[in-house]
Amino acid sequence: VIAISTYLKEKLSKDARKKIPVLHLPITVDFSYFTHTHIKNDSTITIFYGGSFGEKDGLLFLLNAFEKVAANNINLQLVLTGKPPKQGMAEVVRFIDNSGYKNRINYLGYLNDKEYYEVMNACDIFCMTRIDSQYAKAGFPFKLGEMLATGKPVIATKTSNVADYLT
């Protein structure tokens, strides 16, 4: 059995009672999706968030942080991708609509794989946010591996085993 977090490894190991080996493997990444050759023609800094936009993801915290940083950085923009749940997205849309920086927040929606990796390769900074929840403790965000594979800066919430790999 392969567990993606130490939380799950400990839980499964207890349930398996040493009859089945349980290994901890947080993520795997296909590096062929990442070009590492993005050449910028302007001074815009693009922050990327990709996810489900659920409450567990803490997207409103990211949007509030973007508001504060964007106030002092006119060349900053935020790109959001993903398929949000119907419930909760209204709050995100309302926040963006009321933002003084809504012209710098670009929601692209759900992208196919080709589009998704093209957008990732074109971005400068990545954000992997999570609120401290049971869900966050039990899992390990696969998107974090992809963000790190770009070779660009990643801002991540200190949940689950994230702090075991990043400072």
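Colleague: Before we start, what pLDDT do local features need?

Modeller: This is a predicted model, where side-chain atom pairs count only at pLDDT 80 or more, totals for chains, interfaces and linings use all residues, and local features need pLDDT of at least 70. Residues are numbered from 1 along each chain as its sequence is written, and side-chain values use heavy atoms, with hydrogens and water left out.

Colleague: How many salt bridges does a search of the whole structure find?

Modeller: Side chains of opposite charge can pair when their charged atoms come close. Here a salt bridge is a side-chain nitrogen of Lys or Arg within 4 Å of a carboxyl oxygen of Asp or Glu. Searching the whole structure that way gives three.

Colleague: Which residue forms a salt bridge with R130?

Modeller: The closest N and O atoms of this pair are 3.3 Å apart. R130 sits in the loop between β6 (125-128) and α5 (134-138), and its partner, 73 residues away, is in the loop between β3 (45-50) and α2 (59-70); helices (H or I, at least four residues) and strands (E, at least two) are DSSP runs numbered from the N terminus. Both residues are buried, that is, under 20% relative accessible area, with exposed over 50% and partly exposed in between (1.4 Å probe, protein chains only). The partner is D57.

Colleague: And E118 with K114, which helix do they lie in?

Modeller: Their side chains meet in a salt bridge at 2.7 Å, N to O. E118 is partly exposed because its relative accessible area is 44%, while K114, at 60%, counts as exposed. The two are four residues apart, about one turn, in helix α4.

Colleague: Where does I20 lie?

Modeller: I20 counts as partly exposed because its relative accessibility is 46%. Its place is the loop between α1 (6-16) and β2 (23-24).
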